[in-house]
Amino acid sequence: MRLRVEVRLKPGHFDPEGDVTAKMLRDLGFPVTMVKTGKVYIVDVESDDREEALRLAEEMCRKLLANPVKDDYSLEVLPT
Amino acid sequence: MSLNGFKACVLRTGGTNCDLETSIALEEVGIKAEIIHMNRIENKSLLDYHLVVFPGGFSYGDYVRAGAVWGKNVLVKLRIELERFIEEGRLVLGICNGFQVLVEAGILPGDGVSETPSAALANNSSARYECRWVWLRVENNETPFTMMMEKGEVLRIPVGHAEGRFLTRSEKDLEELKKNRQIVFRYVLPNGDCANGLYPFNPNGSTYDVAGICNRKGNVMGMMPHPERAFFGWQLVEWGKTPPERGDGRKIFESIVKYFRERIY
Amino acid sequence: MGLGISLERMRYLKQYFKERPPTDVELQMIGQTWSEHCFHNVFKGDVITDDGRLINSILKTYIMRSTKELDKDWCISVFEDNAGIIDFDKGYAVAAKVETHNHPSAVEPFGGAATGVGGVIRDILGVWGEPVALTDVLCFGPLETRYDELPPGVKHPRYLYRGVVAGIGSYGNNMGIPTVSGAVIFDKGYTGNVVVYCGCIGILPKDAYVRNTRRGDLAVLAGGRTGRDGIHGVTFASAELTEEAEELRSAVQIPNPIVEERLRRAILRIRDERLATGITDLGGGGLSCAAGEMAYRSKLGVDIELDMVPLKAPDMAPWEIWVSESQERMLLSVPEENLERVLEIFSEEDVEASVVGRFVETGRVRVFTRKTVVCDLDLVFLFNPPKVTRRARIPRLTPAWVDLKEPIDLAGEILTLLSDPNIRSKEDVIRTYDHEVRGCTVVKPLHGEEAGPSDAAVVKPLRDSWTGIVISCGVNPFYPDPYWMAAASIEEALRNNAAVGGRRVAILDNFVWGSPENEDNMGRLLKAVEACYDFSKALDTPFISGKDSLYNESPLGPVRPTLLVTGVGIIPDIRNVVTISLKEEGSRVYIIGSTKEELRGSAYFRLKGVDGGEVPKLDAKLSRSLINSLIRAVDEKLVLSCHDLSEGGLGVAAAEMVVASKNLGIELDLGKVPSNTARSDYVLFSESTSRFLVEVDGARWRRFEELFSGLPFSMVGRVARGIGLRIIDLKNGLHELSGSEIKKAWRGY
């Protein structure tokens, strides 16, 4: 089963990379008011069970992919 | 008393790159230091050492988050031994990437090892790598790493990192740290006043200008600045103008020696 | 994309392949080996000039000849291997190499610049050196260029700037090698052709420099896997940058510094146990060039089994594997009895390594896949193709009069120059590079409490030696006369070195030029290399390595011809280094050298939009005497601070010393400056060569003056507290700038 794990900063957390990117885009003439950055992981797991796969992904985030002090995450099962 | 019996283990893994200068600093103050790769740690016992250092670098390319992969790797490979190591009052020092590792492994600021970090070292507020000399104020001089310093003393040590902005989960967590005297170093202005987040004195935007913290017991410390780069006089940024004999970073290593000398396992 | 082989060479090829047609693997290998990037056809070929001279190899005739004639016993290996090697201290040698990575950076700035750094680090590993310092010099178009000025295929300078700087920082920082020296230059002449110079300095025990591949040794390929990334990088390097270049993105290699970090660890362990007989890095042309060159230089042959090469993609064609320029790979020759230990070390460091072939006594390169021969070439044939002939038209600089009114507000002119993009602080770039890692950096790019700009960087590579390596650079692309431009660049590298106390300087040349098929480009190149011979000889400083990058063409025309000279000197005791910050109130300030009306191409004239007058020329004999006296003064500890005079002349040099100082400034009397001009602005901003501003110990100045007796020098003022610059002009007018005004103009904050 293929999963999409998106890790991004929690709301209200300062995102320097996003801010710099926004400034750069404005410099290029785009009417940009906000940019938030994050990371996307595409993960294949050995499981055919949707719930099972999501549970594994949840644990991956807890154990490695996200730091709960600053990160939120969202999970999605992708069609294969 | 001789320090012959005391040994330090400087750990490294792919991407670690400050292991050599860190072990030189240890050896200069008389502590026998061995650089050991994580691939070979299984053949060794951590408990043969009295100090474990996680040095600076870009372990595993800092992929996922700085220090995260090595941090988890430590949990997988060394958890039980490291818990005992800390419990017995032996010393753990994390510098720069090593600090990030200790935080990601849940060893700092908490007591013991945990799967869930309770702090973070986030991207610098300048959104870039910062290599510069900063001023640090000693907030707690009663740890094994700071006993050769005065409280309130200002140290000159360089930083070099892109992810050093210290964050806690909450205000309450920060208050806990203050109350437990776990904040060891803060970034300050040259005159010793608080930086209050002012760039570049606080080079990364750390909460409460935190540059280094320890666990409650004080035997585990992590810091973003690099004391091994401010060890010899000739490494200092003011070199060339009434050259100083030694750098402020040396005091951390000398403190460790003093601690070893006074404490008998 | 074609193979880029000329007609004459096609005939040579046809002659060789009378019996059978060449295979695709062979053709690809030939194309790579004979490319400008790998073979340096122009530097090794013939040049016919419009004044009727025939020059056989400008490399041998000029650059290498001076090194040969100087015949320094401290030069260990020059122009032979991946890097130049010179003697250092305590049985150690210093290795140095500078490369360009312009084309890849123009297409994909982050990856291009990062792999440029990665490549030059492997050049140092490729002579068994431990990398201890990196340098980089970058040239971009003006950051404020308008988008509509850019033709399709040319990326905005700001995009390139951000990507290149990030790429360089990322690779050096990740590898843990300090980036200690460099420059950033902005000019329209680089808008279409970004220039990225990457240099690396390393250190090795002299007896570890092993280059002795023997018959029967195994060819061991180590490091990253081989993939489709970076195929045809070398032929791409000589293609014009147009919109189509976008499609060549696959030619850009993908950086992975952590793999190279592990590779470095393993290679140094193998070196220290002396387990291998030879080593080379895989750069341009990939395995084909590395294996071929290693066999050829050892007067052997090599058999390579492509099936043994670990791949990123399983379906690669044999020719792709053979010429892929995937990064982070090295080739070693290992005696069979050491193989087990070598593979053990690689595995302990998490580096993939495989035996891919064997060195044999055939004099041929043979490549097998699934037991079939897919390439079988004679190495003498391969490495001796017909020479290329180029025509050169000798440039003659049109004299031009200068019509420029002397300004009244000299202080304002200084501030304007200080904030010029080419002069102002490069702190935004420098601080993103780790220049402290390894804990060996003595003189930092921004040094002192006030972080002033250093003339050169100093590193102390050995724990038990006080000797330092002094790294400097000279680059003056704005002087329109190529001969004097090269002379000034060489001397600037020496001056910067001497300013911190460096001596016994070896130099490296890196030419970045437009197409050599253009006779004017070729003429300018010829004048520049002539100067390289004349002045390296006269200044007693041998070239030890170099690299040329020609064909820097874009829809906006050729690149501004640029010669970078990197200086690698030593200081016997780093406790004697001199920095630019003023040290003591009341000490004396001297100017060394004489100031002439030489402002053509100067920062001041460019600012004023003036092109005329004389370019700075160089009296090599005088330069040597001045530098030698300065070094003696440094060794006798008479020099408190020192700064060389280059871009922006005396005015900028004095201001930069103030930038670096805390509460100290300079009182400067222009009337005391030895000069041939009656104009105050010319005294302040002339870029005449061989000059330094020196702060001298107030008690021992007589000895200092004695050392310079018979040479042009003069006391021009004193160090004073609480001021910035206080200048008395030639008509006794007073011009004042506070320290904070100067710092604000230079730093931008």
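Let's start where two chains meet: 18 residues of chain B are in contact with 13 residues of chain A (contact means that C-beta atoms, placed from the backbone, lie within 7 Å). This is a predicted model, where local features need pLDDT of at least 70, side-chain atom pairs count only at pLDDT 80 or more, and totals for chains, interfaces and linings use all residues. Residues are numbered from 1 along each chain as its sequence is written, while chains are lettered from A and ligands numbered from 1 in the order in which they are written.

**Two packed helices in chain C**
- Helix H17 (residues 482-499) and helix H18 (residues 519-538) of chain C pack at about 40°, with axes 7 Å apart (axes are lines fitted to C-alpha atoms over the stretch in contact, and angles run from 0 to 180 degrees between N-to-C directions).
- H17(C) and H18(C) are therefore oblique to each other (under 35 degrees is roughly parallel, over 145 roughly antiparallel, 65 to 115 roughly perpendicular, and the rest oblique).
- Residues of H17(C) including Tyr483(C) and Ile490(C) meet a group in H18(C) that includes Ala528(C) and Phe535(C).

**A helix in chain A**
- Just after H1(A), Gly29(A) takes a positive phi of about 95°.

Terms used
Helix = DSSP H or I, 4+ residues; strand = E, 2+ residues; numbered from the N terminus.
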